[in-house]
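My notes follow the structure.

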Amino acid sequence: MALFTIAEPGQSKPRAPARRKRAVGIDLGTTNSLVAVAKEGKAETLPDAHGRHLLPSIVHYAVDRSIVVGDRAALGDVRADSISSAKRLMGRGIADIDYQLPYELQPAPEGGMPLIKTMQGPVSPVQVSAEILKVLAARGVQALGGELDGAVITVPAYFDEPQRQATRDAARLAGLKVLRLLSEPTAAAVAYGLDTKLEGTIVIYDLGGGTFDVSLMKLKRGVFEVLATGGNAALGGDDFDRAIVRWILEQAQVADVAADEFSILLRIAREAKHVLTDSDATLLSWKGWSGLLTRAIYYTLIDGMVNQTLKACRRVLRDANLDVEAITDVVLVGGSTRSPRVRDKVREFFQREPLCSIDPDSVVALGAALQADVLVGNKYGSDMLLLDVIPLSLGIETMGGLMEKIVPRNTTIPVTRAQEFTTFKDGQTIMSLHVLQGERELVSDCRSLARFELRGIPPMVAGAARVRVSYQVDADGLLEVSAQELTSGVHSSIVVKPSFGLQEKDIETMLLDSQARAQEDKELRSLREKQVEALRHLEALETALRVDGEALLSKDEFARLEQSMTSLRKVLDGTDAALIDKLTHELNDRSTEFAARRMDRGIKAALAGHTLEEIGH
Amino acid sequence: MTTSQVPNFFELLDLPESCAVDEAVLERNYQRLQTQWHPDRFAAAEPAQRLAAVQQASLLNDAYSTLKTPLRRAEYLLQINGVDAHKGDNKMLQDGAFLMAQLQQREELEDMLASRNERGLKELRKQTREEQDEIWREFSEGCEAGRFGVALHAFHKLQFLHKLGYEIVAAEDKLLDEE
C-alpha cells in the first residue's frame with residue numbers, strides 16, 4: 001500500500017466510484033419485525049445467524065442486566081417476563097389500554113406513555129422498540145459491510161401523530177438516521193409496483209398482528225398515489241388470539257388469570273390459530289381442561305373483527321368515490337391475511353381473487369428497502385414518486401369546545417394550510433391554541449396533540465386581531481404548528497409532541513363514533529353556538545352600557561336591560577338551547593332602542609342598518 | 001394580502017386559466033413537478049433545502065387539489081377574478097324553485113335514513129352528482145363569458161348540492177355503522 005501519492009497538477013488520479021450508500025428498510029411490526037436491503041431494484045430480507053428472517057418483536061430484560069431480543073426471548077422460562085406487542089403502546093396513554101397484556105404497566109410520571117415493569121425496572125415502549133431496531137440495524141451493518149447511512153421505517157397508515165412521533169423517537173434512540181417514515185400499505189405497493197409491475201387502482205388490505213390498514217392507491221409509471229386510507233390502529237391477529245383465550249377461559253369456567261398464566265394461554269391460542277389455517281379442528285388443553293376448537297367456532301369468534309375491517313374498506317371506497325368494480329386488484333399484506341376466513345371475506349367483498357404473490361410477512365420490509373435505496377441517493381428508481389396522505393383530520397379548538405378541521409383526512413402530504421382566527425374579548429393579549437386530531441366535532445372526543453400560547457398580541461377590540469395559524473405536515477406525516485398575529489407580527493410556533501393531558505379514547509372509536517353520533521354532535525354544536533352568540537351579545541351590551549348606559553337610558557330602562565341580562569346569564573351554562581335562544585332574542589329586542597339612541601349620537605350615518613352586536617365589536 | 005405572494009395555480013401547473021381543466025394534463029404536469037420537488041428528492045440534503053422542498057411540494061399539492069376538485073376550482077376562479085364567494089349578497093334565497101327542490105331532496109334523505117334505504121341513498125348520491133354536473137355547466141358558461149354574477153349564483157347552488165352530497169355520505173356512514 002502506498003504511504004502517499006504524488007499527483008501532478010492537472011493529472012488527477014481516476015476517481016474511485018462513489019461508495020454505494022448503505023440503507024435499510026425496516027418493518028417494525030407488532031408481533032414480528034424484519035429488515036431488508038435493496039440493490040438495483042431488487043430487495044431481500046436479511047436473516048440472523050441461524051437463517052431466520054422474521055424477528056419476533058419480543059424483548060426480555062433479564063435479571064443479569066442483559067437484554068435479549070427475539071426468538072430467545074420467546075423461549076422457556078424467560079417467556080413470562082418478556083415484552084411483546086410493545087407497538088400497541090406506542091404513543092398511547094394508559095387509559096387507551098383496555099385489554100389484558102401478559103405484563104404489567106405503570107402510569108408514566110407526566111401522564112405520557114405507560115411504562116412496562118421489568119426485572120431491570122420500568123421501561124418505556126419507545127425503549128423496547130429501540131432494542132428491536134438495534135438488532136435489525138446490526139443485521140444491516142453486517143450485510144452491507146459498514147455503518148448505515150439511513151433507514152426507512154414503516155408505520156401503519158392509520159398511525160396518528162403521537163404514534164408516528166414515538167416511532168421516530170425509538171429510531172433516534174437506536175441511533176438510526178430516519179430517511180422517511182413510510183406507511184406500511186404504501187411500502188407494500190412499492191414492492192408490488194417494482195417487482196410485479198402492478199398498475200391500476202389497487203386496494204392494499206393489510207392485517208398485521210396489532211393493526212389493520214386499508215389503502216386505496218393509484219399506481220402508474222412509478223407514481224404511487226394514495227387516494228384514501230382507513231383502518232384501525234388497534235385491531236390485528238393479536239385480537240384473534242385474545243378471542244381464543246377468552247373462549248378457553250369461558251369453556252374452562254375460569255374468570256380471571258394472572259399475567260404469566262395469560263401469556264401461556266396466548267401461546268396456546270396462537271398455535272391453535274395457526275393449526276386452524278390448514279385443519280378443520282384442533283384439540284386444546286390447559287391446566288386439566290381440554291376441548292375441541294373447530295373452525296366453525298373459531299370463525300364465530302373472529303367474524304365480528306373481520307367484518308370491522310370490511311367496513312373500513314367500504315368507507316375508503318366511499319371516501320375516494322369509487323365502486324368495487326373500479327378496483328383493478330386487491331393485495332394482501334400482513335401475516336393475519338394467511339387466515340382462510342380473512343381471504344374468503346376479502347374475496348367475497350371485492351369480488352376477485354386477492355393477490356399475495358409476494359410473501360405477506362416480508363412485502364412491507366421489501367418495499368421499505370426499495371424506497372430507502374432511492375432516498376439515500378443510490379440512483380436506481382430515482383424517478384419514483386410516493387404520494388401519501390394523512391389518515392385523520394388535523395384541527396384546532398374553537399369557542400365552545402368545538403374542533404375546527406384545518407387539514408381534512410386523506411389530504412396529500414406534505415401540506416401547509418393556514419386559517420385566520422380573531423380575539424374574542426376586548427384587550428385580549430394571549431391566545432391559547434389547542435391542536436387536535438380526529439373526526440368528531442367536540443374537542444373532548446378528539447385526540448389532544450399539543451397546547452401552546454401566542455402571547456404579546458397588542459390590546460385591541462374583540463375581533464380586530466388577525467391570528468394566522470399554520471399547519472405544516474411533512475412527508476413523514478409529522479405536524480408543525482405556528483401562529484402569528486398579522487397586524488403586529490408577533491410569532492409563536494411549536495413542533496407537535498404527543499400530550500396525554502386529556503381524556504383519551506381509542507382512535508378507531510373516535511372515527512366510528514364520529515358517524516354514529518353525528519346527530520348528537522349536531523345538537524351539541526347548535527347549543528354551543530347559541531351559547532357563544534349569547535355571550536357575545538352580553539359582552540357587547542356590557543361594554544355599551546358602561547360607556548353610554550347612564551347617559552342614554554332612564555333608571556327603569558337600565559334596570560330592565562340588566563334584568564334581562566341576568567336571566568340570560570343564568571341559563572347560559574345550561575343545556576336548553578331553545579331557552580338560551582329565546583332569551584338572547586328577548587335581550588336583543590329590549591336593547592334595540594338603546595342601540596338606536598347610541599346611533600343618534602352622531603354616528604347614525606356611519607352605522608345605518610347595522611345591529612347592536614356589531615357596535616360592540 | 002397573501003394572494004400576491006402565492007403564484008397563480010394555473011400558471012404553476014402550466015395550464016390555461018379556465019373552468020374546464022383537462023384532468024389528464026393536470027395530473028401529468030402535477031406529477032412531473034412533484035417528482036422534481038417532493039421532499040423524498042431531498043432526503044439527504046441540507047435542512048434549508050429540505051424545508052424549501054417541503055414548501056414547494058405543499059404548494060403543488062394545494063394547487064393540484066384546488067384545480068382538481070370542481071367546487072374548489074370554482075371558488076378559486078371567482079377569487080382570482082376579484083369575486084369573494086363568501087362576501088356580499090347571496091341571492092340564493094330568492095331562487096324559490098331551487099330551494100324547494102333542495103327541501104324536497106332533504107326530506108327524501110331523512111326518509112331514506114329512517115327506512116334504512118341504502119340503495120335509495122346511493123341513487124340520491126348519484127342524482128345529486130348529476131345535478132352538480134348540470135349546474136357546473138351554468139357556472140362555466142357564466143365564468144367564460146365574464147358574467148361573474150351568474151357564475152357566483154351557480155357557485156352558491158353548487159355549495160348547496162355539495163353539502164347535500166356530504167349529508168348523504170354521512171347518512172350512508174350511519175347505516176354502515178349500525179349494521
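For the pairing I need one cut-off: two strands count as paired if DSSP finds at least two bridges between them. The model is predicted.

**Sheet, chain A.** I looked up Leu436(A) and found Ser448(A), in β23(A), as its bridge partner. I then checked the strands. β22 (residues 431–437) of chain A pairs with β23(A) over seven bridges, in the antiparallel sense. I traced the whole sheet next. It is open, has four strands with antiparallel pairing, and runs β20-β19-β22-β23 in chain A. β20 (402–407) and β23 (447–454) of chain A each have a single partner strand, so one side of each lacks a neighbour in the sheet. Direction ignored, neighbouring strands here are turned by 30 degrees against each other on average.

**Cores.** I went to the largest nonpolar core, which has 154 residues. Val24(A), Ala36(A) and Ala369(A) are among the members that touch the most others. Helix α8 (residues 363–375) of chain A gives the most to this core, 10 residues. I listed contacts of Ala36(A), leaving aside neighbours within four places in sequence; they include Val24(A), Leu46(A), Ala365(A) and Ala369(A). A second, separate core has 20 residues, including Met112(B) and Leu164(B).

**Chain B.** I counted seven helices and zero strands. The radius of gyration of chain B is 20 Å, well over the 16 Å that the globule rule gives for 179 residues, so the chain is more spread out than a compact globule. Its C-alpha atoms fill a box of roughly 60 × 45 × 30 Å along the principal axes. Buried residues make up 27% of chain B.

Conventions. Residues numbered from 1 in each chain as written. Chains lettered and ligands numbered in written order. Predicted model: local features only at pLDDT ≥ 70, side-chain atom pairs only at ≥ 80, totals over all residues. Helix = DSSP H or I, 4+ residues; strand = E, 2+ residues; numbered from the N terminus. Axes fitted to C-alpha atoms, helices over the stretch in contact; angles between N-to-C directions. Core = buried A, V, L, I, M, F, W, Y, C linked by C-beta atoms within 7 Å. Buried ≥ 20, exposed ≤ 12 C-beta atoms within 10 Å, placed from the backbone. Contact = placed C-beta atoms within 7 Å. Rg over C-alpha atoms; globule rule 2.2 N^0.38 Å.
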